[in-house]
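Please look through the sequence and the model shown here.

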Amino acid sequence: MISKFFYRLFKNHFAVSEQTAIYLNLTANLLVIAVLGYVFFKLFRHYGTKFIKKLVLKTKTNFDDFLLKNRVFLNISRILVFVLLYSLLSFILIDFSDLLNYGQRFINIIILFSTIWLIRSILLTIKDFLRNLIAFKDKPLESYVQIFMIILWIIGFIISFSIITGKPLIRFLTALGAFSAVLLLIFKDTILGFVASIQISVNDTVRLNDWITIDKYNADGNVTAINLASVIVQNFDNTVTSIPTYSLISESFKNWRAMDNSGGRRIKRSVLIKINSIHFLTDDEVADYQKIALIKDYVTTAYNEVKTYNSENNIDKSILINGRNLTNFGMFRKYLDEYLKQHPKINQELLFMSRQLQPSENGIPLEIYAFCKNKSWLAYERDMADIFDHILASVKYFNLEVFENPTGNDILTIKKNIIDN
């Protein structure tokens with residue numbers, strides 16, 4: 001027998017004892033198998049990889065590219081080497097039945113975990129391939145890979161214990177059932193994360209690259225990863241926030257995706273107007289407002305309508321409050337409506353208006369509600385700033401004043417006027 005080659009060699013030519021010849025034969029066989037295993041592995045890896053690369057370059061699909069990237073073929077070569085070693089083990093340890101039994105168990109465990117590693121490579125390949133498809137581009141595929149691998153590793157360890165002890169697998173599964181309550185406690189966060197990942201995917205609440213805001217975690221940025229245990233958010237200040245995946249279904253958060261997909265980004269900002277600067281318009285003021293191009297036609301029409309009404313109803317206009325009147329604040333709001341209507345950066349297909357809000361001790365808020373065509377942060381802020389620059393500069397043309405708390409210079413000016421008077 002070839003497995004006894006070194007035994008006969010040492011026994012016949014070196015005149016060693018029976019026991020010594022057996023151990024020398026074992027050592028020599030192990031060295032030969034180790035060398036052969038290493039050589040076969042290198043051959044599989046070198047020539048197999050070169051052959052696979054040639055095939056990959058010839059195919060149109062990129063699936064095999066991902067197979068190569070995730071070392072699927074390398075993991076297959078490892079398994080083949082260990083399977084070959086297992087088949088040769090009975091020849092190597094022909095004189096050591098107990099050692100043969102332990103050796104076979106050991107190699108079986110290596111083959112088991114090598115197979116799990118191969119499955120992991122295949123799952124990563126499938127994930128990378130699906131990530132390139134539009135339908136799966138923003139799905140939390142990593143979470144599914146992670147939960148599957150956790151289950152697979154648990155099964156692998158159970159099978160390995162069965163191999164090591166030589167006990168039937170059913171006994172370990174029975175013990176696992178009794179231990180399930182403890183496992184549920186240990187893997188509570190993992191299970192919750194897995195459930196959350198499925199709900200996030202099915203309900204389409206969060207995708208990769210979505211802009212989300214969660215005040216509780218000070219998160220305000222784009223989602224870069226959705227894992228089994230956490231969601232990673234790259235904040236706009238270049239910090240990174242890790243959020244428990246389960247919190248995305250148990251707590252409230254803001255997702256800006258709908259805004260990105262809509263026709264514009266909302267502008268909702270107010271200017272505080274001093275209430276005592278609001279007054280009825282005189283004929284002279286109406287004449288001045290008729291020179292403003294955007295509201296020229298409106299001023300004329302509204303003024304004639306009010307004048308006709310007061311005349312037909314014999315309104316005493318010696319006191320301005322009587323009858324119908326135009327106000328400078330109303331004219332300003334109409335001007336802003338027309339200004340927004342002709343503004344090139346405002347989406348005219350979406351709602352836009354200027355409106356009064358509830359008066360307060362700081363004046364009466366005049367709010368601009370509109371949607372900017374530019375949705376990127378930088379362009380949006382610039383467009384909104386340009387609009388409010390114009391609004392603030394226009395206030396004085398309508399004899400209105402913007403409210404602001406008095407500064408130190410204002411107080412000094414008042415004191416100086418009091419002293420001078």
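Two strands count as paired if DSSP finds at least two bridges between them. Helices (H or I, at least four residues) and strands (E, at least two) are DSSP runs, numbered from the N terminus. This is a predicted model, in which local features need pLDDT of at least 70 and side-chain atom pairs count only at pLDDT 80 or more, while totals for chains, interfaces and linings use all residues. Residues are numbered from 1 along each chain as its sequence is written, and side-chain values use heavy atoms, with hydrogens and water left out.

Strand E2 (residues 219-226) runs antiparallel to strand E3 (residues 230-235), and five bridges join them. Ile 226 has Val 231 in E3 as its bridge partner. The two strands E2 and E3 form a hairpin with three residues between them. E3 also pairs with strand E4 (residues 240-244), again in the antiparallel sense and over five bridges; here Val 233 is bridged to Thr 241 in E4. The hairpin of E3 and E4 has four residues between the strands, and Asn 238 in this hairpin takes a positive phi near 70°.

Helix H6 (residues 141-165) packs against helix H9 (residues 188-203) at an angle of about 145°, with the axes 10 Å apart. Axes are lines fitted to C-alpha atoms, for helices over the stretch in contact, and angles run from 0 to 180 degrees between N-to-C directions. Contact means heavy atoms within 4.5 Å. On the H6 side the residues are Ser 143, Tyr 144, Ile 147 and Ile 150, which meet Thr 190, Phe 194, Ser 197, Ile 198 and Ser 201 in H9.

Arg 257 belongs to helix H11 (residues 257-261). Is this residue, Arg 257, buried or exposed? Arg 257 is buried, because its relative accessible area is 14%, and buried means under 20%, exposed over 50% and partly exposed in between (1.4 Å probe, protein chains only). Beyond neighbours within four places in sequence, the contacts of Arg 257 include Asp 204, Asp 210 and Trp 211.

A nonpolar core is a set of buried Ala, Val, Leu, Ile, Met, Phe, Trp, Tyr and Cys residues joined through side-chain atoms within 4.5 Å. The largest such core has 33 residues, and among the members that touch the most others are Ile 267, Phe 332 and Phe 398. H14 gives this core its largest share, seven residues. Leaving aside neighbours within four places in sequence, Phe 398 is in contact with residues including Tyr 289, Met 331 and Phe 332. A second, separate core of 12 residues includes Leu 208, Ile 212, Ile 214 and Val 231.
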